[in-house]
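This briefing concerns the sequence and predicted model shown below.

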Amino acid sequence: MYLIVAATIATAVGTGVSVYGQVQAGKAQQDALNQQAEQEKIAAESRELERQQQLSKALAANTVGLAAGNVGMEGTPASIALESAKNIGMSESMLKMSDRLAQAQLKRQGKNARSSANLQATSTLLAGGVETAKLANDI
């Protein structure tokens, strides 16, 4: 009789520990993916800064070439500069959107990992509850 009571208590405690571990593992995975998303954001900002520096150098070289008069282009310098600015703006927008989508995907993965861990914990709790009830019924 005492063995059955001890087994029932041990099953309930084991189930509780397992549930707690699964929930904590889900939280840890979500935190890790959120941290990865933050690192991706910082890297994206760094890449953007580098692109802006390269763009500034290219625009400065174009300006110097136009001022020197030894650059042969079709169209007025203003129209060429405007077209370049449009192309660069579209490119920058696409790159920024891609970076934001990558960050959002990592955050979604974190939320999904936590939800999955919570569902597993619920399943473990229910299975442990059934097992505990079976053992308690034998008392």
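Helices (H or I, at least four residues) and strands (E, at least two) are DSSP runs, numbered from the N terminus. On that basis, T132 is placed in helix 2, and the protein as a whole has two helices and zero strands. The model is predicted: local features need pLDDT of at least 70, side-chain atom pairs count only at pLDDT 80 or more, and totals for chains, interfaces and linings use all residues. Residues are numbered from 1 along each chain as its sequence is written, and side-chain values use heavy atoms, with hydrogens and water left out.

**Overall architecture and surface**

- Helix 1 covers residues 2–68, and helix 2 covers residues 77–137.
- The accessible surface of the protein comes to about 9800 Å², of which 60% belongs to carbon and sulfur atoms; accessible areas come from the Shrake-Rupley method with a 1.4 Å probe, and for residues only the protein chains shown count as cover.
- Of the 139 residues of the protein, 16% count as buried, where buried means under 20% relative accessible area, exposed over 50%, and partly exposed in between (1.4 Å probe, protein chains only).
- Among contacts (heavy atoms within 4.5 Å) between residues at least 6 apart in sequence, 91% join residues at least 24 apart.

**Salt bridges between the helices**

- A search of the whole structure finds four salt bridges, each defined as a side-chain nitrogen of Lys or Arg within 4 Å of a carboxyl oxygen of Asp or Glu.
- R47 and D99 form one of these salt bridges, with their closest N and O atoms 2.9 Å apart. Because R47 lies in helix 1 and D99 in helix 2, this pair ties together parts that are 52 residues apart in sequence.
- K96 counts as partly exposed at 33% relative accessibility, while E48 counts as buried at 19%.
- Between E92 and R51 there is a salt bridge whose closest N and O atoms are 3.2 Å apart. E92 in helix 2 and R51 in helix 1 are 41 residues apart, and the pair links distant parts of the chain.
- Both E92 and R51 are buried.
- Salt bridges that share partners join E40, R47 and D99 into one network.

**Threonines at the helix pairing**

- T132 is buried, with a relative accessible area of 18%. Leaving aside residues up to four places away in sequence, T132 touches T8, T11 and A12.
- A polar atom of the T132 side chain lies 2.8 Å from the backbone oxygen of G128. A polar contact is a pair of N or O atoms within 3.5 Å; within protein, one must be able to donate a hydrogen and the other to accept it, and residues adjacent in sequence count only if both atoms are side-chain atoms.
- T15 lies in helix 1 and counts as buried at 11% relative accessibility.
- With residues up to four places away in sequence again left out, T15 touches T124, L125 and G128.

**Glutamines of helix 1**

- Q35 is found in helix 1 and is partly exposed, with a relative accessible area of 45%.
- The C-alpha atoms of Q35 and K107 are separated by 9.0 Å, although the residues are 72 apart along the chain.
- Q39 is likewise found in helix 1 and is partly exposed, with a relative accessible area of 48%.
- Q39 and Q103, 64 residues apart along the chain, have C-alpha atoms separated by 9.0 Å.

**Nonpolar surface patch**

- M1, V5, I9, V13 and V17 make a nonpolar surface patch of about 480 Å².
- Patches are made of residues with over 30% relative accessible area and no salt bridge; like charges are joined within 9 Å, and nonpolar side chains (Val, Leu, Ile, Met, Phe, Trp, Tyr) within 5 Å.
- V5, a member of this patch, is placed in helix 1 and is partly exposed, with a relative accessible area of 30%.
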